[in-house]
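Biologist: I would like to learn how to read this fold feature by feature. Please give me the general idea each time, then the case at hand.

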Amino acid sequence: MLLAIAAVVTAEPPPAPDAVAVVVGRASTRTEISRDDLRDIYLRRQRLWSDGAPVIPVNLPAGNPVREEFSRIVLGRSSQDLATHWNARYFEGIRPPIVLASATAVCAYVGAEPAAIGYLPVKDLDPTCRVLLTLRQTP
């Protein structure tokens with residue numbers, strides 16, 4: 001009885017439906033990621049996973065509220081502010097993350113590509129995705 005009560009008290013609450021889930025496909029070997037690593041991946045400072053496989057970050061379109069929230073929380077700037085960053089990287093031969101039109105497309109892509117990582121609203125998760133990190137939206 002005591003163990004059951006302790007488990008209930010220490011259990012993490014389920015994520016809010018408007019939270020942002022950082023996802024990989026079920027076939028991915030990734031089981032966790034830090035915000036620092038995520039930032040480096042999305043700014044293309046880290047282009048390989050620890051096993052040497054290329055990382056394929058996936059973005060939602062610029063202006064999408066979920067992308068703006070992700071950019072604010074993880075990258076510390078808006079997608080518009082990143083334009084200067086990507087213009088400079090272009091001349092170094094570094095391209096920005098690919099952009100997919102919807103959360104459904106992100107799930108489908110990461111589900112089919114084990115090296116891919118993306119983000120989407122928790123409410124849009126489907127069985128092809130596995131959550132590595134949940135980002136809480138703030139007002």
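Modeller: Start with contacts: a contact means heavy atoms within 4.5 Å. Here, residues 24 or more positions apart account for 70% of the contacts with a separation of 6 or more. This is a predicted model: local features need pLDDT of at least 70, side-chain atom pairs count only at pLDDT 80 or more, and totals for chains, interfaces and linings use all residues. Residues are numbered from 1 along each chain as its sequence is written, and side-chain values use heavy atoms, with hydrogens and water left out.

Biologist: How many helices and strands does the protein have?

Modeller: Helices (H or I, at least four residues) and strands (E, at least two) are DSSP runs, numbered from the N terminus. The protein has 5 helices and 5 strands. From the N terminus on, they run α-β-α-β-α-α-β-α-β-β.

Biologist: In what order do the 5 strands form the sheet?

Modeller: Strands of a sheet pair through backbone hydrogen bonds, either parallel or antiparallel. Two strands count as paired if DSSP finds at least two bridges between them. In this protein the order is 3-2-4-1-5, in an open sheet with mixed pairing. Strand 3 (98–99) and strand 5 stand at the edges, each with a single partner strand, so one side of each has no neighbour in the sheet.

Biologist: What share of the protein is buried?

Modeller: Buried residues make up 39% of the 139 residues. For the surface, accessible areas come from the Shrake-Rupley method with a 1.4 Å probe; for residues, only the protein chains shown count as cover. The protein exposes about 8,000 Å², and carbon and sulfur atoms supply 59% of it.

Biologist: How many aromatic pairs are there?

Modeller: A pair of aromatic rings is described by the distance of the centres and the angle of the planes. Rings of Phe, Tyr and Trp (its six-membered ring) pair if their centres lie within 6.5 Å; planes under 30 degrees apart count as stacked, over 60 as edge-to-face and the rest as tilted. The whole structure holds 4 aromatic pairs. One of them, Phe70 with Tyr119, is stacked, at 4.0 Å centre to centre and 5 degrees between the planes. This pair links distant parts of the chain: Phe70 sits in helix 3 (residues 65–75) and Tyr119 in strand 4, 49 residues apart.

Biologist: How many salt bridges does the count come to?

Modeller: A salt bridge is a side-chain nitrogen of Lys or Arg within 4 Å of a carboxyl oxygen of Asp or Glu. The count comes to 6. Among them, Asp40 joins Arg45, with the closest N and O atoms 3.5 Å apart. Arg45 is exposed, at 52% relative accessible area. Glu92 meets Arg89 at 2.9 Å, N to O, and Glu92 is partly exposed at 49%. Lys123 and Asp124 meet at 3.5 Å, N to O. Lys123 is exposed at 60%, whereas Asp124 is partly exposed at 31%.

Biologist: Last one: what does the side chain of Ser28 reach?

Modeller: A polar contact is a pair of N or O atoms within 3.5 Å; within protein, one must be able to donate a hydrogen and the other to accept it, and residues adjacent in sequence count only if both atoms are side-chain atoms. The Ser28 side chain reaches the backbone nitrogen of Arg30 at 3.1 Å. Ser28 lies in the loop between strand 1 and helix 2 (35–42). Ser28 is buried, at 7% relative accessible area. Leaving aside neighbours within four places in sequence, Ser28 is in contact with Pro114 and Arg130.

Terms used. Buried < 20%, exposed > 50% of the residue type's maximum accessible area, 1.4 Å probe, protein only.
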